[in-house]
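Me: I want to go through the labels attached to this model and ask what each one rests on. Please set the value against the definition each time.

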Amino acid sequence: MSIVEVEQRGKITIISINRPERKNAICNETAHKLQEAFAYFDVSEQRVAVITGKGDEAFSSGADVTNLPELWRCTPNVGITTEKPIIAATAGWCVGAGLVIVTMCDMAVAAENTKFMYPEAKVGICGGLILGLVVRIPHKIAMEMMLLAKPLDAHRAHEVGLVNRVVPKGRQVEEAVAIAEEMAGYAPLVLKTIKRFVTQNMLPKGPSELMGIAARDLGIVNNSQDANEGVTAFKEKRTPVFVGR
């Protein structure tokens, strides 16, 4: 059983965190698998992605403290770089890293039992990727969520613009897919251009987001064929032959 499941429905890809026994907590492998699933989605003919968590008890309870992940890897617009639309479908607890993922998605559908929470002030750690919340919902609501670490229910989340729709528990994925199917019938180049302009030019990026983007880009260089060739050539005392990959 994979900890990240991928399902295709027509032009829609549904990517699910599949750790219900851990309330879909994100471990290191989960973060990598999510990044890989979205990379495959990006180069495919699929038009729109829906991200969700298995079951109705938790979209995600956040980072798995027994196996801490590199959360930037599974954060849209940071480690997940697709210009195609991503819709979150949530139910139950949506905590910490789970809230970050929803915040950075393009749209979100929440089941009525969803509770959004960012508990780092109570835990004593801070990753910083949550700062994107401040430019996506009203400033003082975002600050309240981060500084008081209290849950925000689905209806309040809808009022402040964190989610687009609230539906009965168990309907969140189907509603997100319905939105995605409508979107998939529109011009892909227009959708990509709108998303690119918004994410690159309209939304400010916080320090941790910029660090994640830098880690992503440097990782591409340092794990490249050219990097391996350069090190090998140095050891063999010869001129490297670079290929740009």
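Me: Start with a pair of residues: what stands opposite Ala110 in E10?

Reply: Val166 of E10 is the residue opposite Ala110. Before going on: the model is predicted, with residues numbered from 1 along each chain as its sequence is written, and local features need pLDDT of at least 70. Side-chain atom pairs count only at pLDDT 80 or more, while totals for chains, interfaces and linings use all residues, and side-chain values use heavy atoms, with hydrogens and water left out.

Me: What makes E7 and strand E10 (residues 165–167) a pair?

Reply: Two strands pair if DSSP finds at least two bridges between them; strands themselves are DSSP runs (E, at least two residues; helices are H or I, at least four), numbered from the N terminus. E7 and E10 have three bridges and run parallel, so by the criterion of at least two they pair. Strand E5 (residues 86–90) is also paired with E7, in the parallel sense and over four bridges. There Thr90 faces Ala110 of E7.

Me: Why is strand E7 (residues 107–111) called largely enclosed?

Reply: Buried means under 20% relative accessible area, exposed over 50%, and partly exposed in between, with a 1.4 Å probe and protein chains only. Four of the five residues of E7 are buried, so the strand counts as largely enclosed by the rest of the structure.

Me: How many residues of E2 are buried?

Reply: Six of the six are, so E2 is largely enclosed by the rest of the structure. Ile12, Ile14 and Ser16 point one way, Thr13, Ile15 and Ile17 point the other way, and all are buried. In a regular strand the side chains alternate between the two faces of the sheet.

Me: Which strands does E2 pair with, and in which sense?

Reply: Strand E1 (residues 4–9) is joined to E2 by six bridges and runs antiparallel to it, with Arg9 opposite Ile12. These two form a hairpin with two residues between them, and Gly10 in the turn has a positive phi of about 60 degrees. Strand E3 (residues 48–53) runs parallel to E2, also over six bridges; Ser16 has Thr52 as its bridge partner there.

Me: Are Lys23 and Asn24 buried, exposed or partly exposed?

Reply: Lys23 has 45% relative accessibility and therefore counts as partly exposed. Asn24 has 1%, so it counts as buried. Lys23 sits in the loop between strand E2 (12–17) and helix H1 (28–43), and Asn24 is found in the loop between E2 and H1 as well. Neither is glycine, yet phi is positive in both: near 50 degrees for Lys23 and about 55 degrees for Asn24.

Me: How do you know on which side of H4 the buried residues lie?

Reply: In helix H4 (residues 139–148), Ile141, Ala142, Met145 and Met146 are buried. They span an arc of only 130 degrees around the axis, which puts them on the same side of H4; the arc is that of the directions from the helix axis to the C-beta atoms. The face turned away from that side carries the exposed residues Lys140 and Leu147. Just after H4, Ala149 has a positive phi of about 55 degrees.

Me: What covers the buried residues of H4?

Reply: The cover, by contact (heavy atoms within 4.5 Å), includes helices H2 (97–104), H3 (120–123) and H5 (154–160), and strands E8 (115–117) and E9 (152–153).

Me: What makes strand E4 (58–60) and E9 edge strands?

Reply: Four strands form an open sheet with mixed pairing, in the order E4-E6-E8-E9. E4 and E9 each pair on one side only, which makes them the edges. E8 and E9 pair in the antiparallel sense over two bridges, and Lys115 has Asp153 in E9 as bridge partner.

Me: Which domains divide the chain, and what area do they bury?

Reply: The chain is divided into domain 1 (4–187) and domain 2 (205–244), bounds that come from an automatic or database domain assignment. Ten residues of domain 1 and seven residues of domain 2 take part in the contact. About 680 Å² is buried between them, 67% of it from carbon and sulfur atoms; buried area is the accessible area (1.4 Å probe) that two parts lose on being put together, summed over both. In domain 1, Trp72, Val78 and Leu129 lose the most area to domain 2, together 51% of what that side buries.
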